[in-house]
Amino acid sequence: MVRLQEAGITTVVQFGKYQVTGDAQGHVKFYDDKLCLVNWWDNFNAGPVAATSFAYAPKSPDTMLYVPGQYPNDATIKAGNFVVPDFIVATTRSILLHATAKGGKIDVILREHDGTVHALAAHPFESKLLVGSYTGFLKLWDYERKIVLASRNFEKEQQIHCLAFDP
């Protein structure tokens, strides 16, 4: 057992070399392979994190072009570059946020889902986002144009637990 943080962890995603957690306080934290905290985002102010998904990145985070001042430093003693692609955060308050790592900008992209979002998937090449919940509601959303492309309501017994694109 390793205690990583005080608040309860509500979601865990592996992205590249990072273990990414969302927690009950609404924070997203990035840990390295030794479970050392590398960076965190705590300014969402939208409730506990229910899901996270990373947007398409044309290059791996290790080879992305680093321009000083555009990306934050990591939380290590070396204060190295912390370069990750944009990501989407869903909260238990049914709010979806787009976090732009370059510059640290956070935008609300959706506030209307029928319940807590438990499943989230960003398309690897397009600005499409799949959103699902335990109520059985599934929505395909274009987050650049801010429009719903398709939606479907499944039976209550058919809860949506996870989603993925297969381009």
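Select strands E9 to E12. They form an open sheet of four strands in the order E9-E10-E11-E12, paired antiparallel. Its edges are E9 (117–122) and E12 (147–153), each of which pairs on one side only. From one strand to the next, the twist averages 15°. This is a predicted model.

Color E9 and E10 (residues 128–133): five bridges join them in the antiparallel sense.

Now zoom out to the whole chain. It holds twelve strands and zero helices. From the N terminus on, the elements therefore read β-β-β-β-β-β-β-β-β-β-β-β. Color by burial: 46% of the 167 residues count as buried.

**Strand E7**

Select residues 96–100, strand E7. Is this strand mostly covered or mostly open? It is mostly covered, with five of its five residues buried. In a regular strand, side chains alternate between the two faces of the sheet. Check each face of E7 in turn. Leu96, His98 and Thr100 lie on one side, Leu97 and Ala99 on the other, and all are buried.

Look across from Ile88: His98 in E7 stands opposite. The E6 and E7 strands make a hairpin with four residues between them. Pick Ser94 in that turn; its phi is positive, about 65°.

Leu96 stands opposite Leu110 in E8. The E7 and E8 hairpin also has four residues between its strands. There, Gly103 takes a positive phi near 95°.

Stop at Thr100, which sits in strand E7. Thr100 has a relative accessible area of 18%, under the 20% cut-off, so it counts as buried. Beyond its neighbours within four places in sequence, Thr100 contacts Trp41, Asp86 and Lys105.

**The cores**

Follow that contact to Trp41. Which residues have the most contacts inside the largest nonpolar core? They are Val28, Phe30, Trp41, Phe44 and Phe87, in a core of 19 residues. Strands E2 (18–23), E3 (28–31), E4 (37–41), E5 (49–54), E6 and E7 each supply at least two residues of this core.

Show everything around Trp41. Setting aside neighbours within four places in sequence, its contacts include Val28, Phe30, Phe82, Phe87, Ala99 and Ile106. Gly26, His27, Gly104 and Lys105 are also among them.

Then move to a second, separate core of 13 residues. Select Leu96, Leu110, Trp141 and Tyr143, which are among its members.

**Last stop: cysteines**

Select Cys36 and Cys162. Cys36 has 41% relative accessibility; this lies between 20% and 50%, so Cys36 is partly exposed. Cys162 reaches 63%, over the 50% limit, and is therefore exposed. How many disulfides does the model have? With sulfur pairs required to be within 2.5 Å, the count is zero.

Key: Residues numbered from 1 in each chain as written. Predicted model: local features only at pLDDT ≥ 70, side-chain atom pairs only at ≥ 80, totals over all residues. Heavy atoms only, no water. Buried < 20%, exposed > 50% of the residue type's maximum accessible area, 1.4 Å probe, protein only. Pairing = 2+ DSSP bridges. Axes fitted to C-alpha atoms, helices over the stretch in contact; angles between N-to-C directions. Core = buried A, V, L, I, M, F, W, Y, C linked by side-chain atoms within 4.5 Å. Contact = heavy atoms within 4.5 Å.
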